[in-house]
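Work through the exercises below with the coordinates open. Each task is followed by a solution in steps.

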Amino acid sequence: MKFTVNGTDHDIDVEDDMPLLWVLRDGLGITGVKYGCGIAQCGACTVHIDGIAVRSCQLAAADVDGEITTIEGLGTPDALHAVQEAWIEHQVAQCGYCQSGQIMQAASFLDLNADPTDDQIDAAMSGNLCRCGTYPRIRAAIRTAATKLQEA
């Protein structure tokens, strides 16, 4: 099966029903995407397919249609994505487990809504759980990222 992940083409032999999460983590060694609940309820496994946030734990390999972006492909150490910069600025990370999924969800959301309200941010992020409870920092970081993206 062929996948394009973070701009690189991969040809990998996997079962059609293998979740994309395991294709990425076990098949390709891309470990930024996390296993959380395994039932698409926590968002730890969020990646982008053609820029749209999806839960990779519930998406079968055979159903992937488009370019995959993981947290490793969102920005670079020298050129972070605005959401990644805002995450650092607001010190969002606590344990960090949900971070990659949260950031991927936020980046996709801001592509669709450049000037969100707090209620829209809360609604968009409601499917991404943070057991450390950093929701106020997450919302603040998303507002900051939205401003940065509008100024760019």
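The model is predicted, so local features need pLDDT of at least 70 and side-chain atom pairs count only at pLDDT 80 or more, while totals for chains, interfaces and linings use all residues. Residues are numbered from 1 along each chain as its sequence is written, and side-chain values use heavy atoms, with hydrogens and water left out.

**Exercise 1.** Describe how α5 and α6 cross, and list the residues that meet.

Solution. Step 1: take the elements, helices being DSSP runs of H or I with at least four residues and strands runs of E with at least two, numbered from the N terminus. Helix α5 spans residues 118-125 and helix α6 residues 135-151.
Step 1: find the contacts (heavy atoms within 4.5 Å). D118, I121, D122 and M125 in α5 meet I138, R139, I142 and R143 in α6. These residues divide into four nonpolar, no polar and four charged, where Ala, Val, Leu, Ile, Met, Phe, Trp, Tyr, Cys and Pro count as nonpolar, Asp, Glu, Lys and Arg as charged, and the others, Gly among them, as polar.

**Exercise 2.** Which residues are closest to the centre of the largest cavity?

Solution. Step 1: on a 1 Å grid over the protein atoms alone, a cavity is a set of points where a 1.4 Å probe fits but cannot get out; lining residues have an atom within 4 Å of a point. The largest cavity has a volume of about 50 Å³, the volume being the space filled by probe spheres set on the points, which are joined across faces, edges and corners.
Step 1: of its 13 lining residues, V92, Q94, C98, C130 and T134 are the closest to the centre.
Step 2: the lining divides into eight nonpolar, five polar and no charged residues.

**Exercise 3.** Locate D50 and Q91 and give their phi.

Solution. Step 1: most residues other than glycine have a negative phi.
Step 1: D50, not a glycine, has a positive phi of about 50°, and sits in the loop between β3 (46-49) and β4 (52-55).
Step 2: Q91, not a glycine either, has a positive phi of about 50°, in the loop between α3 (82-89) and α4 (99-112).

**Exercise 4.** What does V54 touch, not counting residues up to four places away in sequence?

Solution. Step 1: V54 is in strand β4.
Step 1: with that exclusion, V54 touches C45, T46, V47, I49 and L59.

Key: Axes fitted to C-alpha atoms, helices over the stretch in contact; angles between N-to-C directions. 1 Å grid on protein atoms, 1.4 Å probe; cavity = no way out; pocket = protein on both sides within 12 Å on 5 of 7 lines; lining within 4 Å.
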